[in-house]
Amino acid sequence: MTGRRLSSSLTFFSKVVLPLVWIAGFVLCAACVFFVSPGKARDPGLQSLKWAFLLVSLVGAPAFLWFAAGLKRVTRDGPDLLISNYRRELRVPVGEIRHVYQSWAVSPWRVVIEMRSPTELDSTFVFIPRFRDGLTHRALGGQHPVVEEIRAMCDAAR
């Protein structure tokens, strides 16, 4: 892969490692709470803890996977973007990009690229931009510079 990386070097960690560790940890804790000391007298605090762990596991795991599974690695390669889901890489001409924006709803920030038409990977790509590139902009509440960079590339291609 050549070019300048636009996505964070922690993308693989955020996409694969963190969800697996988080989900495995919560499921293990929930299992430990459910199967701890069978035969002892019921403790009301332990009962509520059991259901809290089960609820967090059942709601948290899909939510965590939803946020993490769609992350892509994005690299600028001349006038195009190389977008990878770590199994396949796709060259996307910036002229095919319909809209680029920054999602404010989650931390770390995510950049969303919407395509004019569906591609082999998807019609929308989400990636975590490099943190240090947007450090001053984050402190001031502004947009990450990579959003403006991709928008400028799109404008130049049209």
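By salt bridge I mean a side-chain nitrogen of Lys or Arg within 4 Å of a carboxyl oxygen of Asp or Glu. Keep in mind that this is a predicted model. With that rule, the count is eight salt bridges. Arg4, Arg76 and Glu149 are joined in a network of them.

Now the strands. Which residues does Arg91 pair with? One partner is Asp77, at 2.7 Å from N to O. Arg91 is in strand S4 and Asp77 in strand S2, so this pair ties together parts 14 residues apart in sequence. The other is Asp80, at 3.4 Å, N to O. Asp80 belongs to strand S3, residues 80-84, so here the parts tied to strand S4 through Arg91 are 11 residues apart in sequence.

Arg73 sits in strand S2, residues 73-77, and the two residues are 16 apart. Glu89 is partly exposed, at 43% relative accessibility.

Last, the surface. Leu10, Phe12, Phe13, Val17, Leu18, Val21 and Tyr86 make a nonpolar patch of about 590 Å². Of these I'll pick out Phe12, which is in helix H1, residues 11-34. Its relative accessibility is 40%, so Phe12 counts as partly exposed.

Technical notes:
Residues are numbered from 1 along each chain as its sequence is written. This is a predicted model: local features need pLDDT of at least 70, side-chain atom pairs count only at pLDDT 80 or more; totals for chains, interfaces and linings use all residues. Side-chain values use heavy atoms; hydrogens and water are left out. Patches are made of residues with over 30% relative accessible area and no salt bridge: like charges are joined within 9 Å, nonpolar side chains (Val, Leu, Ile, Met, Phe, Trp, Tyr) within 5 Å. Accessible areas come from the Shrake-Rupley method with a 1.4 Å probe; for residues, only the protein chains shown count as cover. Helices (H or I, at least four residues) and strands (E, at least two) are DSSP runs, numbered from the N terminus. Buried means under 20% relative accessible area, exposed over 50%, partly exposed in between (1.4 Å probe, protein chains only).
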